[in-house]
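Please open the model in the viewer and keep the selection panel at hand. The stops below proceed from the contact between two chains to single residues.

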Amino acid sequence: MVRLTDERAVWLGKEILPHEAALRLWLQHWKRRGLEVDDVIQEAYTRLIAADTIEHIKSPKRYLFQVAGSVVIDHLRRRKIVSVESVADMADLEIAATEPSPEREVIGRDELRQLAKAIAALPSRIRDVFVLRRVHGLGQREVAKRLGITESTVEKHMSRGFMLMTKLYGNGGNPSLHSSYESSACADKGNNGTQERS
Amino acid sequence: MERKSAHRIDQEAAQWAAKIDAGTLSKEAGAAFDAWLESDVRCPGAYARMRAVSLMTEQARALGTGFEAPLATPSSRRWFIAAGAVAAVLLATVGYHFAPSATEHYVSTIGEMKTIKLEDGSILTLNTQSEVTVHYTRTRRQLELIHGEAIFAVAKNKERPFVVTAGDTNVRAVGTSFSVSRVGAIKILVQEGTVEVGKNSTEASPALRVPHNSGAITQEGAASIRTFALSNAELYRDLAWRDGHLAFEGQTLAEAAAEFSRYSDMKIVILDKKLAAEEIAGRFRATDPIGFARNAAISLKAHAEVSGKEIRLSR
């Protein structure tokens with residue numbers, strides 16, 4: 001299996017994730033046919049990153065929608081669901097794919113500001129780890145030492161941090177940020193009082 | 001086996017992303033990761049998404065080491081950002097501004113390719129064994145290629161010139177994509193847009209304009225710069241390392257071996273002079289010199305033998 005390159009991953013983050021919110025909206029159509037939005041998105045990304053080259057892609061948004069559309073078709077075929085309604089819904093794809101996305105085109109400083117806000121809004125323990133790792137650039141061992149926790153706990157916090165940050169990048173911004181943080185803050189309370197030593 | 005929920009897969013992807021972010025995976029972990037990727041068609045995509053987020057958040061380095069977490073309780077969102085020598089500012093509803101921090105240092109190890117998103121949206125891709133420093137001010141974007149090779153995808157900003165120095169050579173860009181390498185000669189390849197290449201010396205002639213599908217080559221200490229044209233195919237080959245590959249078309253086996261030596265500890269040694277001069281072509285994984293050597297051996301009717309850190313090719 002060819003491993004994902006950083007370059008491809010950054011391309012995904014820069015060119016594809018900004019359109020994920022719009023794609024999620026369009027995929028709502030298919031929930032009544034038994035398709036899970038998250039399943040389709042994950043599988044669409046699997047196909048996206050497997051492409052030999054991305055140099056030729058003129059419209060990443062369109063490309064994303066096309067790939068997601070083919071994932072939907074494959075799912076429907078497997079469940080032997082092909083109806084007139086399906087065809088009509090698929091026609092909407094072209095419209096949704098070429099619609100200009102709402103002005104979420106964050107560039108440079110604006111993006112940095114949004115990132116800073118998202119980090120500040122993280123649950124406290126996760127934020128501590130995230131700031132030391134990402135803003136200060138410290139290694140995992142150093143972070144564990146400074147916070148008096150094990151390296152595996154540092155890793156756990158980072159992974160939760162990533163889960164939360166995908167809401168910033170993948171869901172088109174802030175709206176869902178708070179609700180997901182609340183549920184995560186509850187889960188986090190378990191770790192907040194105790195200090196684990198390695 | 002019951003089918004996992006997409007949420008569960010996201011959680012596992014995030015765990016892998018955190019593990020990989022912390023450092024290189026051990027052999028066992030690497031095998032477990034590969035097995036997880038193959039366990040479900042949704043895994044590679046979910047992981048790619050988390051990895052993208054992981055890399056995008058690296059931009060946070062630009063917030064500066066004075067960045068502090070909120071001081072107050074969660075109900076209030078006041079917090080401070082300090083950046084280097086610049087005064088701290090309050091991020092509130094009223095307004096804000098902050099300045100980028102002092103010099104950032106980016107280094108890649110042998111065989112490692114690293115992509116970094118900079119504060120202004122520009123993207124820096126480091127090749128094996130490379131080092132770049134980045135110093136952004138309000139009016140200038142200054143970078144230095146200390147050694148190795150890097151690609152610069154520059155975000156357009158006329159008010160903030162983007163300049164890369166490599167030794168005594170400087171490359172100035174406006175909304176373009178180009179690579180600079182400093183492995184022996186100083187070589188610049190322009191993929192998109194136009195750059196201006198100049199030398200830092202008093203007798204130097206004015207900067208040379210180098211458009212896309214062109215390259216420029218110069219030596220440290222020399223005043224002259226030579227430009228040359230590049231087809232799309234050649235550019236694609238020269239920059240294949242971005243995808244973790246090395247592509248050859250007519251280079252000698254010896255040249256290819258030298259290229260591979262940049263990407264791993266394994267050295268390809270060619271014991272036969274005639275064999276070393278043979279021309280080869282093809283696209284290979286940069287961090288797999290053994291695979292390349294075995295492949296070359298088959299096509300050139302030679303024999304490859306791995307011994308310690310050496311791969312010996314003979315006929």
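A salt bridge is here a side-chain nitrogen of Lys or Arg within 4 Å of a carboxyl oxygen of Asp or Glu. By that rule, eight salt bridges link chain A and chain B. The model is predicted, so local features need pLDDT of at least 70 and side-chain atom pairs count only at pLDDT 80 or more, whereas totals for chains, interfaces and linings use all residues. Side-chain values use heavy atoms, with hydrogens and water left out; residues are numbered from 1 along each chain as its sequence is written, and chains are lettered from A and ligands numbered from 1 in the order in which they are written.

**The interface**

Select A:Asp39 and B:Arg3 to begin: they form a salt bridge whose closest N and O atoms are 2.9 Å apart. Next, colour the side of chain A that touches chain B by class; this side has 23 nonpolar, 14 polar and 20 charged residues (Ala, Val, Leu, Ile, Met, Phe, Trp, Tyr, Cys and Pro count as nonpolar, Asp, Glu, Lys and Arg as charged, and the others, Gly among them, as polar). Then show every residue in contact (heavy atoms within 4.5 Å): 57 residues come from chain A and 67 residues from chain B. The area buried between the two chains is about 5,600 Å², with carbon and sulfur atoms giving 64% of it; buried area is the accessible area (1.4 Å probe) that two parts lose on being put together, summed over both.

**Chain B**

Switch to a cartoon of chain B, which has seven helices and 20 strands (DSSP runs numbered from the N terminus: helices are H or I with at least four residues, strands E with at least two). Of its 315 residues, 48% count as buried (under 20% relative accessible area, with exposed over 50% and partly exposed in between; 1.4 Å probe, protein chains only).

Now select B:Ser177, in strand β10 (residues 177–183). B:Ser177 is buried, with a relative accessible area of 8%. Leaving aside residues up to four places away in sequence, the residues it touches include B:Phe152, B:Leu189 and B:Glu192. The C-alpha atom of B:Ile123, 54 residues away along the chain, lies 9.2 Å from that of B:Ser177.

**Two loops**

Move to B:Gln129, in the loop between β5 (123–126) and β6 (131–136). This residue has a positive phi of about 45° although it is not a glycine, and B:Gln129 is partly exposed at 38% relative accessible area. Finish at B:Lys301, in the loop between α7 (289–299) and β19 (303–307). Phi of B:Lys301 is near 55°, again positive in a residue other than glycine, and B:Lys301 counts as exposed at 72% relative accessibility.
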